[in-house]
2 protein chains.
Amino acid sequence: MSASDEGLISGRKHNESARSVAQSVAETAAQESGDARSTDRWLLKRMSSFLGDPPIEFAVRGGARVRATSAPIGRVTFASRAMLVSILADPWLRIGDAYSDGSLTVDGDLVAVLEAVYRASTMGDKPSWLRRAADLTHRSRANTLRGSRDNIHHHYDIGNEFYSLWLGDTMAYTCAYYPTPTATLDEAQTAKMHHVCRKVRLKAGESVVEAGCGWGTLALHMARHYGVRVRAFNISHQQIAYARERAAREGLAGQVEYVEDDYRNISGHYDAFVSVGMLEHVGVKNYPTLGRIARRCLGSNGRGLIHSIGRNHPARLQPWIEKRIFPGAYPPALSEMSQIFEPWDLSVLDVENLRLHYAQTLRHWLELYEAAGQRVRAMFDEKFVRMWRLYLAGSVAAFSTGTLQLFQVVFATADNNDLPWTRAHLYT
Amino acid sequence: MSASDEGLISGRKHNESARSVAQSVAETAAQESGDARSTDRWLLKRMSSFLGDPPIEFAVRGGARVRATSAPIGRVTFASRAMLVSILADPWLRIGDAYSDGSLTVDGDLVAVLEAVYRASTMGDKPSWLRRAADLTHRSRANTLRGSRDNIHHHYDIGNEFYSLWLGDTMAYTCAYYPTPTATLDEAQTAKMHHVCRKVRLKAGESVVEAGCGWGTLALHMARHYGVRVRAFNISHQQIAYARERAAREGLAGQVEYVEDDYRNISGHYDAFVSVGMLEHVGVKNYPTLGRIARRCLGSNGRGLIHSIGRNHPARLQPWIEKRIFPGAYPPALSEMSQIFEPWDLSVLDVENLRLHYAQTLRHWLELYEAAGQRVRAMFDEKFVRMWRLYLAGSVAAFSTGTLQLFQVVFATADNNDLPWTRAHLYT
C-alpha cells in the first residue's frame, strides 16, 4: 500500500451515531415539517457536530447554511436535503461517495479542509475502550492467498500508464525520504532507496529478497548501486510485467528476478529481507507468518527492514478507503507490528517515523495528479477523478495531522553482533 | 534499573523442569546407589542438558566430571553432590545463590562461560505459547507506591560510596553511548547524555521533567550544557541526597530541583519528558499511567524520551536477579512498551536499540568493580562481592548475546509537527 488515509474523517462511533441520527431525523422532520430551512440547519449542525465542529461552513445547495464557530477555512455543500440525510445515515462511507459523484462539493483548499476535519475529530485523550469497541466492528476483506490477490488486483492493476502520470520517474508508490524539505519527488524517492539500502547495509555480492516490490524500482536500485542479487515478489500481474520489462531494458535482468507470487511462498536464504509498502496489505493475523518467513530467510547475520504506514494506536481503517480504495488494508500500530518480530526472537534495531515525509510525498503526487487531469479524464470518468483526488488529498491530511504514521523498522536475528556501532553511517 | 540480566540462564520452563528433575533424582539415586560416580555423572548431565549443553565442563569437587560435546571454554564445579541435587531442584534461583556463597565455582572467563550458557539456552524459534506459559507463572513484587519504594531502596540505597567505586566519574548507572568502540566509560556516558538531549532537542530556557534521576547526573548535564530548567524525580533517598549536594556544589541548584517523590506524583507542564533507566521498575501494569503522566506534562509541541532495558519478546525476569538484585523489575518487549504510548495517542518517532553499548558499559563497570575489590571487601562480605560480580558478568553476557536489549524511544504528542526533518542532527 502506498497511501491510505483514515478517510475524510476518522471512522469511530460509526454505527452508533448513524442509528441515533436516523431516528432523530425522522422525529425532527415530523416536528418541523413547516420549516424546511430550520430542518436543514438542524441537519447541518448534526453533520458539523459529528465531525467535531471543524472550522468549516456547511450548506445545502440553494438552502440553509451553518457557520463555523471560528473563522472558516472552507465550505462543504450538499446537493440536497435528501443527500444530506442519506449521508448522515452512514457518514463514514457516504461522505466519500458523495464527494466522488459530485453531490458533495468543497470550496476552499481540499487538503486544508480535510486537515481541519482530522484535527477536530482526533481521538486525543479519549479512552481506549471506545477505540477498542470501534475495532471490534471492523471487518475487512480477508487476506487469504486468494483474497490478497483480489485485493491487490483492485488497486494496483488499474493501469501502469495511469500511475506513471503522477508517481514521477521512479514509479515508486511508497513514502519518499526528503533529506531536505526542498528536495524534488524524484530526488526524495532516490534518497529513500539509498536510506533503505544503508539501513540494511547492503554489500556487493550479497543476496536480497524483497516482499512486495511494486513496479520493481527498489530492486533495480539495489542491484545497480549496491551490486546485490535480488529476488522480488509481488502478486500484481501488471506490476510484475512492467518490472520485468524494465529490468530487461536496463540490463539488470541477470541480477534481479521478479517472481509473481505471494510473500507466503518465499523460499531460500538471503543476506537481507526488505519489504517496503506491503505490510498494509498483509493483515495483522498474518504478521507472525510474515515474521517466520523473514526469520527463515535470514542466516545468523541477517538483517531486515519493513516499511509501512502505521498508527499511534490500533484502529479500524476508514470504511470508504477500505471499500473503494484499498480493500483488505490495515495500517498497524507498533504493538501490532511487534507480532512480526516477537514470536521469532527477531531484534528490533531501529524504528524511524517518517510521517512528515509521506505528507510531502503525497503533496507532490497530488500536484502531478492535478496537472495530469486531462490525461486522467481521457482514461477514466469524472467520478474516478474525484475519488482519487479525495484519496490523495485525504492522505496528505492524515499524515500531516498525525492521524497516520510511517514506520521504517530495521531488525536482525537476535544473535547478530555484526551491527554498526551507531547510525552515523546513514548520514555521511 | 541499570543492568539486569536474564540471570545466569534464561528462566523458562522453571517449575516444569524442576519437578521432573527432583522426581528423577530420587528414582535414579535409588537405582544407582552402589555407584556414586555414575550418579554424579548422571546429575551433571542433567544439569548440562538443562542449560542446553553449552561448551562447558561440569564437575563435582573431587568427584565426577562431564565433558562438553565441543571444546570447553570453562568449567563449573559444584562443592558436593548434595549441593548439585539441591540446585537441580530449583536451578534458576539456586545457581546464583550457589555462586554467591562459593559452593559453585567457575574456572575460565566468567563472562565467556555465561555467554556460552545464554547462547545454548536461547529460545530461538521455540513456540510462543511456551513463553506465554512461563510468563503466567511470573509473580514479581508489586510496584505500588509503597512497593516501589521498598524495591528501589533494596538496590539503590546500599551506599553511594559503593557505587562510586565502579560507575566512573559521571555516576551514571545506565547504558552509555560509545560513538566509537574505543571511547572510555566517562566519554561514553557524557556522549549518552548529549545523545539524549539532542534526541529531545533541548533549547535554552526550556523546562524538562525527569522521571527517575539516579544520582542526578543527566539533570545537571542538561542544565549546564543546554540551559534548561529541570525537575528530577526519584524515590531513592540516598540518591536524592547525593544529587542535591552535587547540584549545590556545582552551582546548579537554582536550575535543577530534585524531588524525592514517585513519578506518579509528577505535576506541572514541561517542554520535554525524559526517563532514563526507570521503566524497568515501573511494571507493565503501570505503563498506561506513566504514559498518561507524560501526556499530561507535555504541551502540543512536547517531546519525550524513555530509555529502558528491554527484550525481543515478553518474558519473566530471571528469578535470581528478581529476588536478589532487582525486586519488582521487568524489562519489557516493545509490544509492552507500546502500552505507554498507544492509549494517549503519543507518536513514537524513533527507537534505537543500544544493546551492544550496554554490553560495553557493563564490561567497563565490571573492570572497575574488580579493580576496586579490596575496597568493596572492606564494605561487604565475600558473598556480596561474588553476588555482584555474577550480576555484572551475567549482564554483560545477556546484552552481548542478545538476550536483553536497550531501547531508547523518542516520542511526541500526535499533532506535533515541529519535528526535525531527519535524524542527521544527532550525528553532526
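**Exercise 1. State which residues Val409(B) touches, not counting residues up to four places away in sequence, and describe its surroundings.**

Solution. Leaving aside residues up to four places away in sequence, Val409(B) touches Leu305(B), Ile306(B), Met337(B), Val348(B) and Val351(B), where a contact requires that the C-beta atoms, placed from the backbone, lie within 7 Å. This is a predicted model, in which local features need pLDDT of at least 70 and side-chain atom pairs count only at pLDDT 80 or more, while totals for chains, interfaces and linings use all residues. Residues are numbered from 1 along each chain as its sequence is written, and chains are lettered from A and ligands numbered from 1 in the order in which they are written.

Finally, Val409(B) and Leu349(B) are 60 residues apart in sequence, yet 7.5 Å apart in space from C-alpha to C-alpha.

**Exercise 2. Work out which strands pair with β9(B), and in which sense.**

Solution. Begin with β9(B) itself, residues 298-310, of whose 13 residues ten are buried. On one hand, β8(B) (residues 270-276) pairs with β9(B) in the parallel sense over six bridges, pairing being counted if DSSP finds at least two bridges between two strands; here Ala272(B) stands opposite Arg303(B). The chain passes from β8(B) to β9(B) through helix α12 (residues 287-297) of chain B, in a right-handed β-α-β crossover, that is, one whose path from the first strand over the helix to the second runs clockwise with the strands pointing away from the viewer. On the other hand, eight bridges join β9(B) to β11(B) (residues 405-413), and these two strands run antiparallel; Gln405(B) is the bridge partner of Gly310(B).

**Exercise 3. Decide whether helix α10(B) is largely enclosed or open, and say what covers its buried residues.**

Solution. Eight of the ten residues of α10(B) (residues 217-226) are buried, so the helix is largely enclosed by the rest of the structure. Among the buried residues are Leu218(B), His221(B), Met222(B) and Tyr226(B). Their cover includes α9, β5, β6, α11, β7 and β8 of chain B. Just after the helix, Gly227(B) takes a positive phi of about 65°. In the largest nonpolar core, which has 244 residues, Met222(A) and Met222(B) touch the most other members; such a core is a set of buried Ala, Val, Leu, Ile, Met, Phe, Trp, Tyr and Cys residues joined through C-beta atoms within 7 Å.

**Exercise 4. Describe how chain A meets chain B.**

Solution. First, 43 residues of chain A are in contact with 43 residues of chain B. The elements that give two or more residues to chain A's side are α14 (334-341) and β10 (346-353) of chain A, and the largest share, eight residues, comes from β10(A). By type, this side divides into 19 nonpolar, 15 polar and nine charged residues, with Ala, Val, Leu, Ile, Met, Phe, Trp, Tyr, Cys and Pro counted as nonpolar, Asp, Glu, Lys and Arg as charged, and the others, Gly among them, as polar. Lastly, three bridges join β10(A) to β10(B), which run antiparallel, and Glu352(A) has Asp350(B) as its bridge partner.

Terms used: Contact = placed C-beta atoms within 7 Å. Helix = DSSP H or I, 4+ residues; strand = E, 2+ residues; numbered from the N terminus. Buried ≥ 20, exposed ≤ 12 C-beta atoms within 10 Å, placed from the backbone.
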